[in-house]
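Subject: The model, and what turned up in it

Hi there,

Here is the structure I promised to pass on. Have a look at it first, and then read on for what I found.

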Amino acid sequence: MLFTENVLVALAGLKANIMRSLLTMLGIIIGIASVIAIMTVGNSITLMVNTEMQNLGANNLQVGVTQKSHDEETTQSGMSFGRGYVRDMTDDDLITNDMLDALKEKYKDDVQYIMITEQVAQSGKVIDGKKNANVSITGYNKDYMDFNDIDLVEGRFFLNRDYENANKVCMVSDKFVERIYDGNNKKAIGQQIEVQAGGKYYYYYIVGVYEYVPSQFSFGVSDNPITDVMLPLSTAKEANHTQNKGYEYFAVVTSINTDNDSFATTLRDFFNVSYYARNDAYEVAVISMASMMDSMNSMIGTIKLALSVIAGISLVVGGIGVMNIMLVSITERTKEIGTRKALGATNNSIRLQFITESVVICTIGGIIGILLGISLGGFAVKLMGYSAVVSIESIVIAVGFSMAIGIFFGYYPANKAAKLNPIDALRYE
C-alpha cells in the first residue's frame, strides 16, 4: 500500500510541475528514443540483408579464380610485403567445362546445381519511338534458370536448343513490357528488340516475360528501373566473343545435407590440387555465403552496439538531471519531510518515497522515449524502403534501464532526505 501511495504522490508532484517534469525527463527521453531508433533501423537493415542474401542463395558457395597468395617478406623497419601483382589472367587460368563436368561427376551427391552468369552490358537502353526502357543484358546457364524461382508471366523459358545453338532469344520483365508495349505481354512475345549499350547494338527476339522483383538494396521507386534482358549463357558468350573461354567465377548450390563450410574446403582442394597446383599465379578461392552473412550480421551488430552506447551517454546526462531536480525538490519540501518524521515516518519510508518519485520520472520518460524512438526509427526505415522491425528485447531493456537510472540517481537525494533531522527540517525556511 505504501508503494502505491508513493507512486500517486509522485504523479501528483509531476502534474503540479508539468514543464519542470518534462525538462527533467528530456535527457531520458532523448537517450531512450535514440537507442530504440538505432535498434529499429539496425534490425530492419539486418533483416533486409539476410533476406537478400537468402534470395541470392545463402547456402551457395561462390567459387572464383584469384591471384595466388605468397609468403610475405619483411623489411628492416618491420614493414611486410608480398609479391603483389604477378601477371594478367589468361584463358589458360580460367575454369573449363571439363573441370566442371569432373566436379559434378566426383561430387554428384553434394553438387546440386552449378550456376554460371555472364554479363554483356551493365547498362543499356531499348528505344521504340518515344518509348524507352533501361536494361542490362546478362546470360544465364540452364542450372541458374532451373534453381532460381523466376515467375513466368507470358511465353516460355529457354529450351535446350537455345543453349546449344546460342539462339538470339531473350526474356524481358513485365516492367519492360509496360514501358515498351503498354503492358501487353502477349504482344511482346515474338517481337525483336534493339538494345543500345556501350556504343554497340544487340538484337534479340522475346520468347518470355518474367515478373520483375526489385532488389531490397535499391532505394526509392523509379518508373523506369534497370531490368534484366535475360539470355542463354551461350548467346551471351557469343556476344562477348568468349565462346571458347572458361569461367572466372560461378556458384555451387549444394545438397540439403551437405556441410557447406566443410565442402568449401573440399572444393578448394579439388581445383587447387588437381588443376592449379602448377599454376604460377592463380588459384581457386571458395567463399561460403552463409559465413559471409554471419560476418555481415556481426558487423551490423557491432555498429548498432557502438551507436547505442554513444546514444546512451545522454541517459547519463538525463540521470544527472533527475538527481539535480530531486535535490531541488527535497529542498523545497524540507518542512514536509520534517512533518512526516515528526508523525513517525521512518528513514526507510522517506527514502522509498523519493526513490519512487525518481523511478516514476525516469519510467515515464522512458515510455515517451520508446514511443518516440519507434516512430523515428519507423520513419527512417520507411524512407529507406524497408520494413520496420521493432525489437521487443530492446524495449524491455530500455524500460529496465530507465528504472535503474531512477534508482541509481535517485538514491543520493532520497538518502539525504531520509537523514534530515526532523527539528531542523521543521524550522527550515
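You will find histidine 241 in the loop between helix H8 (233-239) and E12. Its backbone is worth a look too: histidine 241 is not a glycine, yet it has a positive phi of about 55°.

Before going further, please keep in mind that this is a predicted model.

**The chain as a whole**

The protein chain has 14 helices and 13 strands. It contains 429 residues, and 43% of them count as buried. If you take the contacts between residues at least 6 apart in sequence, 79% join residues at least 24 apart.

Glycine 385, which comes just after H12, takes a positive phi of about 85°.

**H12 and its partners**

H12 covers residues 347-384. With 38 residues, H12 reaches 54 Å from its first C-alpha to its last, which is close to the 56 Å expected at 1.5 Å a residue.

One partner of H12 is helix H13 (residues 392-418): the two pack at an angle of about 150°, and their axes are 7 Å apart. That angle is why H12 is roughly antiparallel to H13, as angles over 145 degrees count that way. H12 and H13 cross in a right-handed sense. Sorted by class, the residues in this contact are 18 nonpolar, 8 polar and 1 charged.

H12 also packs with helix H11 (residues 334-342), at an angle of about 145° and with axes 10 Å apart. The crossing of H11 past H12 is right-handed. From H11 come Glu336, Ile337, Arg340 and Lys341, and they meet Asn347, Ser349, Ile350, Gln353 and Phe354 in H12. This contact of H11 with H12 divides into 3 nonpolar, 3 polar and 3 charged residues.

**H3, H9 and what surrounds them**

Helix H3 (residues 97-106) packs with helix H9 (residues 260-274) at an angle of about 135°, with 12 Å between their axes. That angle makes H3 oblique to H9. H3 passes H9 in a right-handed crossing. On the H3 side the contact uses Met99, Ala102, Leu103 and Lys106, and on the H9 side Leu267, Phe270 and Phe271. By class, the residues of this contact are 6 nonpolar, no polar and 1 charged.

Tyrosine 107 lies in the loop between H3 and strand E4 (111-115). Its relative accessibility is 15%, so tyrosine 107 counts as buried. Leaving out residues up to four places away in sequence, tyrosine 107 touches Phe263, Thr266 and Phe270. Tyrosine 107 and leucine 267 are 160 residues apart in sequence, but their C-alpha atoms are 9.4 Å apart in space.

Phenylalanine 250 belongs to strand E12 (residues 249-254). Phenylalanine 250 is buried, because its relative accessible area is 2%. What is phenylalanine 250 in contact with, once its neighbours within four places in sequence are left aside? The residues it contacts are Leu61, Gln62, Val63, Ile95, Leu100, Leu103, Ile114, Met115, Ile116 and Phe271. Finally, phenylalanine 250 and glycine 64 are 186 residues apart in sequence and 6.5 Å apart in space, C-alpha to C-alpha.

If you colour the view by element, you can follow these contacts in the order above.

Best wishes,

Conventions:
Residues numbered from 1 in each chain as written. Predicted model: local features only at pLDDT ≥ 70, side-chain atom pairs only at ≥ 80, totals over all residues. Heavy atoms only, no water. Axes fitted to C-alpha atoms, helices over the stretch in contact; angles between N-to-C directions. Helix = DSSP H or I, 4+ residues; strand = E, 2+ residues; numbered from the N terminus. Parallel < 35°, antiparallel > 145°, perpendicular 65-115°, else oblique. Left-handed = near helix turned anticlockwise from the far one by under 90°. Nonpolar A, V, L, I, M, F, W, Y, C, P; charged D, E, K, R; others polar. Contact = heavy atoms within 4.5 Å. Buried < 20%, exposed > 50% of the residue type's maximum accessible area, 1.4 Å probe, protein only. Expected span 1.5 Å × (residues − 1).
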